[in-house]
Amino acid sequence: MSSSGPRPPHHSKARGGTLQGATGRGHCRRAIATVCLSGTLEDKIAAAASAGFDGIEVFEPDLVASPWSPAELAARCADLDLSIDLYQPFRDLDSTDDDRFARNLRRAEHKFDVMAQLGVDTVLVCSSVAPDAVDDADRLAGQLATAAARAGDRGLRIAYEALAWGRHVSTWERSWDAVRRAGSPALGLCLDSFHVLSRGGDPAGFADVPGEKLFFLQLADAPRLAMDVLQWSRHHRLFPGQGSFDLPGFVAAVLATGYAGPLSLEVFNDVYRQADPARTAVDAMRSLQWLEEALALREPASGLIPPPAAPALSGWSFTELGVDGVSGLRAAEVLAALGFTHTGQHRSKPVQLWEQNHARVLLNAYDNRADVVRPAATGVASVVALGLESADPGRSAARAEAMSAPVLPRTRGAAEAELSAVAAPDGTQVFFTRTVPDGWPADFLPTGQQAGPGAGITGVDHVGLTQPFDSFDEAGLFYRAVLGLESQEVTELAAPFGLVRTRAVTDPDRSVRLALSAATLRRGGWAPGVPEPQYVALATDDLVATAAALRAAGAPLLPLPDNYADDLEARFDLPAEVLAAIREHDLMYEEDGAGGYLHLATEVLGDRVFFEVVQRLGGYDGYGTADAPVRMAAHRRRRQAAAVPVPRWTDPRGR
Ligand code: MG
């Protein structure tokens, strides 16, 4: 890609330079369509500029609704150092009715006036969806050429895009055929990854298109869904790296043609239409940073400079629970019953270190965010921080910064270790650590209690965090881009209180696993389940023995209904002694084809956190998701029992 790599757009002052020469920063020009962001035009351009975008696509309805004149918008963008790279969309240009086509040309001339004021030279014309759309290839090319000639006379150009639901032009090959037949220098293609990939288009075919005929590139990812393509596009587009499309492969094929314009995001999505545009813009920027890294690694000669590689993660150094005077005592009691020992006390903060082999839990009664010690008696306990073992914590922090995840400011005492942390989308702090004697453990003074034999818990298997629905996709990309984790398949399960969507992220060695979940719809005040549950899954090599030890120690294990074990007996050919242990200790079991998973849960401590203890058998690679509905119902039952007596069910028919 050395001679045909990404270059600035043709209208840039740096015409013809290499990408690096154009930006001096070793990355592509990055743009975002205003339709991606919520709010008014003023909100949108402020968000785009603040996230570091180079340019925008002006979505016409945003301009129409704005009090700014086109010239004023251009001036505001110039103030923010944003270029205007595209005006879009112009719909339904061609027509089998000559009078209507003439009126469409007149409409186009008005838009060319607007473009002149905006200082943008490219307009997106999408393939017609109108009943009078032209089917004949030569007639369509002729009308496009006529419009392009009008644009060309004014120094403007038309980028023609095949909508996946266009009436006659719905594939990129048909749009290219029209552009080629038209043979107009002011007419080229707009390739939109959604429109191409949603129809199973093959980017390998781009090799037949000269780079100078690729006028614009719009990028969107999407989850793989079997649904009407218009609805899929309108509600479910995602930023690159959040869905199932091969965006690096798509963009590599485009850049190989010599495409010289920006990488521009065009994402319609129900969440982003409503979300804080500043936050969405950062998520969007991170998606391009992730994408460009993939391109840089794929094409070392591209001139793209990748961020520092994500250092290998080798496990959990700690999981930190934020507690108060009530939940802290309860959590300590439960940790003791789970075989943990309170081995350390923080030098300067009300933080306890509890250990059992490689499993470490911090109980933090100090609220970092509010900079105060939490008030007692609210009963709150939640996962507030994750400590990850990094091969190079400094480089982990540098990578996070390069992926638009700034390192959090922290207060620390004179003798305390310097720890870098970043904030995940749900607010959880993620620390990059090394558990060495002079590392973070040195911040804890010994309590004098020696770790006992424990209950067979060896470490942390994974942590489960409910995400706010609006940040579910953002979180997947965050862990993928910032930590270099792999995103596993998104699944949905029917839980007692609503559908739950899950996605796990993990490193290749499976030493760090996070199970993320979100309720797909949360409406109304009837919320009998545990709201936004979180859990720490502790690992054991022998769950039956561990469960017996926990029961003997009085750990608050979650009772399960007999129906569950009966169903297991029907579904699996389990040895009698395993089934007996499952019944005796309220264990759960599932299989994934590669192995089995034995697990148990504790009751909820406070209002949302519980522990699991898990044993992976064979190559099981899941998270016990299939058992989650049973566990959720059991949690509700325990909470009801603790709150008010459950009335006995009486048959209304009196039987
Ligand atoms: Mg598009």
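Is arginine 551 buried, exposed or partly exposed, and what is its relative accessible area? I looked this up before anything else, keeping in mind that the model is predicted, and I noted arginine 551 as partly exposed, with a relative accessible area of 37%.

**Entry 1: the partner of arginine 551**

I then looked for a charged partner and found that arginine 551 forms a salt bridge with aspartate 586, with 3.8 Å between the closest N and O atoms. The pair links distant parts of the chain, since I place arginine 551 in helix α15 (residues 543-552) and aspartate 586 in the loop between α17 (576-585) and β25 (588-591), 35 residues apart. Aspartate 586 is buried, with a relative accessible area of 16%, whereas arginine 551 is partly exposed.

**Entry 2: helix α15**

I stayed with the helix and listed its buried residues, which are Leu543, Thr546, Ala547 and Leu550. Seen down the axis of α15, these buried residues fall within an arc of 100 degrees, so they line one face of the helix. I also asked what covers the buried residues of α15. The cover includes α12 (327-337), β19 (457-466), β24 (534-540), α17, β26 (595-601) and β27 (609-618).

From this face I picked leucine 550, which lies in helix α15 and counts as buried at 0% relative accessibility. Not counting residues up to four places away in sequence, I recorded that leucine 550 touches Ala337, Leu338, Ala455, Ala555, Leu557 and Val613. I noted as well that the C-alpha atoms of leucine 550 and glycine 454 are separated by 9.5 Å, although the two residues are 96 residues apart along the chain. Following the chain past the helix, I found that α15 is followed by glycine 554, whose phi is positive, near 80 degrees.

**Entry 3: aspartate 177 and its two arginines**

The structure holds 34 salt bridges, and I went through some of the others. Which side chains meet that of aspartate 177 in salt bridges? One is arginine 180, at 3.1 Å from N to O, and another is arginine 181, at 2.8 Å from N to O. Aspartate 177 and arginine 180 both lie in helix α7 (residues 172-182), three residues apart, about one turn of the helix. Arginine 181 and aspartate 177 are four residues apart in helix α7, and are therefore also separated by about one helical turn. An α-helix has 3.6 residues a turn, so residues three or four places apart point the same way. For accessibility, I wrote down aspartate 177 as buried at 17%, arginine 180 as partly exposed at 48% and arginine 181 as partly exposed at 42%.

**Entry 4: the magnesium ion**

Which residues coordinate the magnesium ion? I listed Glu161 (OE), Asp192 (OD), Gln218 (OE1) and Glu266 (OE), at 2.1 to 2.2 Å. In sequence, the donor residues of the magnesium ion follow the spacing E-x30-D-x25-Q-x47-E. Glutamate 161 is buried, with a relative accessible area of 3%, and aspartate 192 counts as buried at 1% relative accessibility.

Last, I returned to the division of the chain into domain 1 (33-302) and domain 2 (313-643). Their centres, taken over C-alpha atoms, are separated by 43 Å, and the contact takes 15 residues from domain 1 and 17 residues from domain 2.

Definitions and conventions. Residues numbered from 1 in each chain as written. Predicted model: local features only at pLDDT ≥ 70, side-chain atom pairs only at ≥ 80, totals over all residues. Heavy atoms only, no water. Salt bridge = Lys/Arg side-chain N within 4 Å of Asp/Glu carboxyl O. Helix = DSSP H or I, 4+ residues; strand = E, 2+ residues; numbered from the N terminus. Buried < 20%, exposed > 50% of the residue type's maximum accessible area, 1.4 Å probe, protein only. Arc of directions from axis to C-beta. Contact = heavy atoms within 4.5 Å. Donors = N, O, S within 2.8 Å, 3.2 Å for Na, K, Ca; no water. Domains from an automatic or database assignment.
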